[in-house]
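Hello,

Here is the structure I said I would pass on. My notes on its pockets follow below.

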Amino acid sequence: MTSLAHFEAIANALKLPSDAIIDGACVASQSGKTFANVGPRNGRVLNHVAECGATDIDAAVKSARRAFEAGDWRRLHYRDKKRVLMKFADLMERDAEALAVLESLDVGKPITNALKGDIPGSIRTLRYYAEALDKVYGEVGPEAPDRLSFAVHEPLGVVGAIVPWNFPLLMAMWKIAPALAMGNSVVLKPAEQSPMTALKIGELALEAGLPAGVLNVVPGFGEDAGKALALHADVDMIAFTGSGTVGKLLMQYSGQSNLKRVSLELGGKSPHIVFADCPDLGRAATEAAWGIFYNSGQVCTAGSRLLVQNEIADELLDRLLTVATGIVAGDPLEPATSSGSMASEAQMQTALRYIETAKREGGALTLGGNRTRIETGGFYVEPTIFDRIDPKATLSREEVFGPVLGVTRFSEADEAIRIANDTTYGLAAGLWTKDITLAHRAARELRAGLVWINGWDSCDLTMPFGGFKQSGFGRDRSLHALHKYADLKSVSITL
Ligand code: NAD
């Protein structure tokens, strides 16, 4: 049954979600305005989605605040909270194929990746935090004869979540699952390029029994709906994944409004280092390829800088080319497709611009470099590799967020670590070596929130995720994320 025809039939039968979800109801924007949601698979308009602005945001925040004050969610017994969140996850599982099709249509993601990665990953995240919520303990203070003191975790109140379009559902779930588990109300603002799965799960949350107003989903543009949410004086926290440019604005908005907390997961220019004593060059080549070409390079942790020690550089590059040549863009709804389209025409143009810049700056174009599948009307770019990229070149310094790899050769380990750290970003880094001392030393020296040794992207939701330097602060995933959505309150009883 898993054929292109099967997924096209699902797509044709689906009612594409287009209304905002505010105070437990599916509603149009108050202005009546909608925006055209373009599918990057073929460049055609998929649907017209409610274009929410400041008044809709205000309605959503008021509804979230009312729900929080009423306490139907916040004060619910932890067993019942868990039951509702588990039911929410079960409903997502029931509708997994529909969610995968919506994600694939919205951002051009291969349906198989959505079915095996994004959707089950989102469901696992929700279950993880549902399971964790009754394991959050407070502390009892030191014993004193005249006083009993304890510290408890209190939900923050109203959390605004602003998320990007590369993993729309997963990034949303990394925020809303721990925020809800801690008893907060949430206003979720999906990216304008990818509103559909967020709207769909807003409906599923209501079906699962989440009280009205506890999860609102408000689609709209960043500088309009997103800005209004971040400036709102009754929002206690903004949890954000996206670009550094917008991250900096969010900190300003916080200062201009109510000093709301801000948690930022931003971009990266992650180095992937292969030392000459790499234990498995074949695997390193495969993981270097997929480390940049997965999701058409639109991954914040993409291994976009491949640093290779001179002795093995030619061999690694040969193997890398063999893998990358086999990655051919196809129809995102075709189950055999491993590389889909870029998420939007704008993102495709950005990638093509960086390719031109790298050529101009003297990079050796070794693979790809072109738009492809133009006849479909969609936004596809070939996997592209530049060899002998200077560490000071634009391709080494700026995030492309597309399928473009820069290879830089080095001679000494310390040189590799220095080049790796010579960036304003600090999200992820990877390295391959048999030398345990070098592995450990490099792992500690690399200024990145995630370091992977002998396997790219090798940890899961049980481990904290986030960056150093201008890749942001605050962590998603793991139990640390729960505490991000809570305040500590000290209570003392005089005896
Ligand atoms: P973006 O910053 O342009 O947009 C992200 C979100 O912010 C969208 O919902 C957008 O509508 C909203 N937004 C835009 N302007 C706003 C404003 N003035 N006020 C409030 N909200 C506003 O980023 P993008 O292009 O959608 O996503 C790509 C970026 O996200 C890349 O830099 C990538 O590295 C980063 N990213 C980071 C992670 C991570 O976990 N660190 C994960 C995925 C993506």
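**Pockets in the model**

Helix 9 contributes eight residues to the lining of the largest pocket, the most of any element. Helices (H or I, at least four residues) and strands (E, at least two) are DSSP runs, numbered from the N terminus. This is a predicted model, in which local features need pLDDT of at least 70 and side-chain atom pairs count only at pLDDT 80 or more, while totals for chains, interfaces and linings use all residues. Residues are numbered from 1 along each chain as its sequence is written, and side-chain values use heavy atoms, with hydrogens and water left out.

A pocket is an open set of points on a 1 Å grid over the protein atoms alone, where a 1.4 Å probe fits, with protein on both sides within 12 Å along at least five of seven lines; lining residues have an atom within 4 Å of a point.

The largest pocket has a volume of about 1,000 Å³, the volume being the space filled by probe spheres set on the points, which are joined across faces, edges and corners. It is lined by 44 residues, and Phe240, Gly242, Ser243, Gly244 and Val246 lie nearest its centre. Elements giving two or more residues to this lining include strand 10 (237-241) and helix 12 (345-360).

The second largest pocket holds about 650 Å³ of space. Of its 25 lining residues, Phe167, Leu170, Trp174, Asp457 and Arg477 are the closest to its centre. Helix 5 supplies the largest share of this lining, five residues.

Regards
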